[in-house]
Amino acid sequence: MSTQEKHSNRTPSNPEPERRHKRKYSRNARRRRQRLLHRIAAVFIAVILVLAAVLIHLIFTRSTTLDTSEAYNLSAQNGAEELSPFTLQSTSNYTESEGIVCSESEVGSGSLSLTEDDERALLFNLEDHTSLYAKGIYDKIYPASLTKIMTALVTFESGTDLTQQVTMTDADFQLGEDAQSSQLEVGDKVALEDLLNLLLVYSANDAAMAIARTVGGSVDKFVEIMNSEAQKLGMTGTHFVNPSGLHDDSHYTTPYDIYLMLNRVYQDYPDFSKIASQSQYQTSVTGTEGESTFLSITTDEYLDGTYSLPSNVQILASKTGTTDQAGSCLALVVQNGYGVPFIAIVTGADTKDTLYNDMSKLLSLTNSDASSSGAKSSSSGTDTSTSGAEKVSSSSNTEESVSSVSGS
């Protein structure tokens, strides 16, 4: 067979399988590229989401208060023994968002001296958030009826209708010997607003009990809310067991924590100042014999004229507290002659003379600080006290001595 015949008899090659192989390889390559692109896109989206989450977290933490919930364990005295309140309050998120005063435990010892070693005191400027004076402000103390500041705060926070009528019960008057109570009686019907006035003006313990069960559903539940509110405010040295402040060894606070709750209720609820700056209050009550009224005189002896305020100081809100264990205590919101507001607190005085004399020393500093506090020229901060006035006397309404009246 010739060479030509061999070539002529050879079977022609078929290119179709090769083309199919190339098409399959091309499809697989496209799929691999698509999977790779999908993976890259997924990673890119994940990175974007993580960055967005971090940004949102940073924005959120800058605009909210410090969460102090982990600092509290009510069964272990709110963790007060393990925490440094100054460290907590000086945290930037907390102070910037709340506008609170951050203070060392001792400030301004050279500016004045308190009468007694056991006294604790503070004076804070609410306009520029500075501490003018502090002595033992993180020390554990018994608050007596300064507790009622928190009772009022929880009541305002609850949004309960203050026109609501409350019927006084026997349990409201189970207060212990010598505890201060109003002229209300079992079965009397009185508005919740009247009870708030009795609570803050006359420091009535029966009013505290009636408010607690009305607002909280029960006194125990109300006390739980008080402790929860203390936790929110960063009151790391505080634990409440009742709404009145009648003494209990497990019922305690610090001067700084008193400032925190007083500052909150003063800043957020104008009605608090309207009530707590009164020299007296007329209560309307519906009893078994019909409608009647009775007058209650304030327990603050600046407002009743017994003691004179320093010049150019006006009281915006006041709360007293007195028990044998707590001594005589006073917490004030005042403004100086330039309209600058301050919170002043003195606790642990052994007599009323000591309490008001030392408080007057503190209040005298408010005007000396005016030039450094951006004070405004104002004629509103005038002295409203009645200098040299005799104390209003009433057998049923006066606040008695430390040894005879508790929780006033």
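## Overall features

Of the 408 residues of the chain, 47% are classed as buried, meaning under 20% relative accessible area with a 1.4 Å probe and protein chains only. The model is predicted: local features need pLDDT of at least 70, side-chain atom pairs count only at pLDDT 80 or more, and totals for chains, interfaces and linings use all residues. Residues are numbered from 1 along each chain as its sequence is written, and side-chain values use heavy atoms, with hydrogens and water left out.

The chain contains eleven helices and nine strands; these are DSSP runs numbered from the N terminus, helices being H or I of at least four residues and strands E of at least two. Contacts are heavy atoms within 4.5 Å. Among those between residues at least 6 apart in sequence, 69% join residues at least 24 apart. The accessible surface of the chain is about 19700 Å², and carbon and sulfur atoms account for 50% of that area, as computed by the Shrake-Rupley method with a 1.4 Å probe.

Leu123 stands opposite Tyr133 in β2.

Four residues lie between the two strands of this hairpin. His129, in the turn, has a positive phi of about 55°.

## Helix α5

Helix α5 (residues 148-158) is largely enclosed by the rest of the structure, because nine of its eleven residues are buried. The buried residues are Lys148, Ile149, Met150, Thr151, Ala152, Leu153, Val154, Thr155 and Phe156. Gly159 follows α5 and has a positive phi, near 75°.

Definitions and conventions
Buried < 20%, exposed > 50% of the residue type's maximum accessible area, 1.4 Å probe, protein only. Pairing = 2+ DSSP bridges.
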